[in-house]
Amino acid sequence: MANSIALAKEQPHFFHDVSEFFNRAAQFTNHDAGLLNQIKACNSVYRFQFPIKRDNGGLEVIDAWRVQHSHHKTPTKGGIRYSDMVNEDEVMALAALMSYKCAIVNVPFGGAKGGIKIDPRQYSVRELENITRRYTVELIKKNFIGPAVDVPAPDYGTGEREMSWIADTYLAMNPGQLDALGCVTGKPLSLHGIAGRRGATGRGVAIAIRECVSVAEDMKKIGLTPGIEGKRIIIQGLGNVGYFSAKVLLEFGAIIVGICEFDGAIYNADGLDPDEVLQHRKETGSIMNFGKSQKEFSSPAEGLEQACDILVPAALENQITEENVKRIQAKIIAEGANGPTTPAAADIFVEGGRGMIIPDMFCNAGGVTVSYFEWLKNLSHIAFGRMDRRYTETANLNIVNMVEGVTGASLTDEQRKIIVKGASEEELVNSGLEDTMIRSYHEIREVYVSNDQIPGLRTAALVGAINKIAESYKNMGIWP
């Protein structure tokens with residue numbers, strides 16, 4: 001893993017890879033070449049620098065970007081990444097993926113992405129706050145942020161804390177703006193975030209996997225039995241996405257047999273508990289030397305190559321390459337991260353008949369789906385379920401009482417509680433997320449099975465996305 005990350009840093013071709021995937025899909029559409037070029041291009045690339053004062057009194061110049069890939073729908077939407085490996089090529093690629101991702105799951109945003117070239121571990125909380133607020137001000141000055149313009153979210157190296165700083169800065173610079181809190185998503189609940197957002201991407205990955213393995217016809221082709229129960233899974237990355245993917249997959253009945261991190265990998269054919277592994281890492285600083293692992297590997301890449309049914313790369317891009325893909329034993333690669341599989345590796349794995357890839361632009365779309373719900377909540381200024389939960393419970397209770405009166409039967413307190421209960425905001429969010437992922441998967445699969453020339457789900461997903469974006473541009477027209 002370390003070698004592939006280093007290579008990605010030295011030779012940034014991520015946007016080229018995304019464009020190559022796009023070109024492969026475009027040949028299965030009937031759109032004008034000029035329109036295809038418009039869809040593929042990044043509409044706006046804002047690169048800027050700003051100084052900050054370090055705690056030791058010194059000045060440091062920070063490199064930062066915000067890219068708006070497509071304006072076929074507005075606002076644009078995409079996370080902000082804090083990493084010392086951030087570069088313009090990467091931010092452009094991630095913005096493009098966001099456009100296709102939103103189209104695939106029918107979320108009405110254009111794609112965007114942001115990045116700040118820092119290692120957040122090397123800065124104090126005060127310094128990170130100053131960097132975040134200054135970044136936000138720079139975006140405000142260029143009209144690159146706003147609830148109707150461009151809505152950031154968390155990404156690698158950022159979270160609720162940074163989104164809170166962005167929201168507060170935007171509020172301060174836009175006094176009296178009614179919908180100001182819709183300028184950013186991924187906020188904590190106390191600042192009008194939404195229940196279920198933190199685990200949304202990982203939950204979406206798990207639902208995508210469950211839906212994929214439920215299709216008996218597809219599983220037969222790759223030598224797996226249908227159903228998620230008992231499937232052996234290796235997770236790469238125990239961050240937010242990897243952790244929640246593992247937790248929800250366990251709820252579905254899968255077995256987590258391996259976990260890979262930057263410092264190594266652990267494996268147990270009988271299963272690992274992600275909570276126990278996470279606690280061990282908190283106590284020791286590493287997943288290594290975990291008492292319940294049967295095997296440990298000092299090379300994280302070696303952990304990807306162990307026996308399993310499904311591999312979930314949920315770390316960084318370019319983790320599965322031509323060099324290591326033939327050693328991958330999994331039959332399904334579910335891309336929790338953005339761009340973890342290179343085009344050449346994908347060809348070997350899919351077209352070579354080794355297995356299926358659930359593409360990143362669909363698989364990890366749970367985050368932007370629930371971000372959409374949060375944005376809607378901020379614009380409507382009311383939590384989901386607040387208006388109708390009590391009404392639903394009262395109506396259900398009346399039905400239960402009537403049925404008991406007519407039949408003479410009595411429900412237990414637990415049965416009554418289950419039937420009467422109204423949905424909480426988190427339950428509604430999870431329901432909406434599940435419906436989105438299920439519907440979107442079968443949209444993709446329908447495109448895939450309708451044309452035997454389409455090589456895999458990634459190309460099928462992109463064909464659908466290109467068609468939707470093209471339709472938007474055609475309806476808008478060109479003006480002036």
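In helix 2, Phe14, Phe15, His16, Val18 and Phe22 meet Asp89, Glu90, Met92, Ala93, Leu94, Ala96, Leu97 and Tyr100 of helix 4, where contact means heavy atoms within 4.5 Å. Sorted by class, this contact of helix 2 with helix 4 holds 10 nonpolar, one polar and two charged residues (Ala, Val, Leu, Ile, Met, Phe, Trp, Tyr, Cys and Pro count as nonpolar, Asp, Glu, Lys and Arg as charged, and the others, Gly among them, as polar). The model is predicted, so local features need pLDDT of at least 70 and side-chain atom pairs count only at pLDDT 80 or more, while totals for chains, interfaces and linings use all residues. Residues are numbered from 1 along each chain as its sequence is written, and side-chain values use heavy atoms, leaving out hydrogens and water.

The axes of helix 2 (residues 14-26) and helix 4 (residues 88-104) come within 7 Å and cross at roughly 30°. Helix 2 is therefore roughly parallel to helix 4 (angles under 35 degrees count as roughly parallel). Axes here are lines fitted to C-alpha atoms, for helices over the stretch in contact, with angles running from 0 to 180 degrees between N-to-C directions. Helices (H or I, at least four residues) and strands (E, at least two) are DSSP runs, numbered from the N terminus.

Turning to the strands, seven of them form an open sheet with mixed pairing, in the order 9-8-7-6-10-11-12; two strands pair if DSSP finds at least two bridges between them. Strand 9 (295-297) and strand 12 (356-358) stand at the edges with a single partner strand each, so one side of each has no neighbour in the sheet. Strand 8 (residues 264-267) pairs with strand 9 in the antiparallel sense over three bridges.

Terms used
Parallel < 35°, antiparallel > 145°, perpendicular 65-115°, else oblique.
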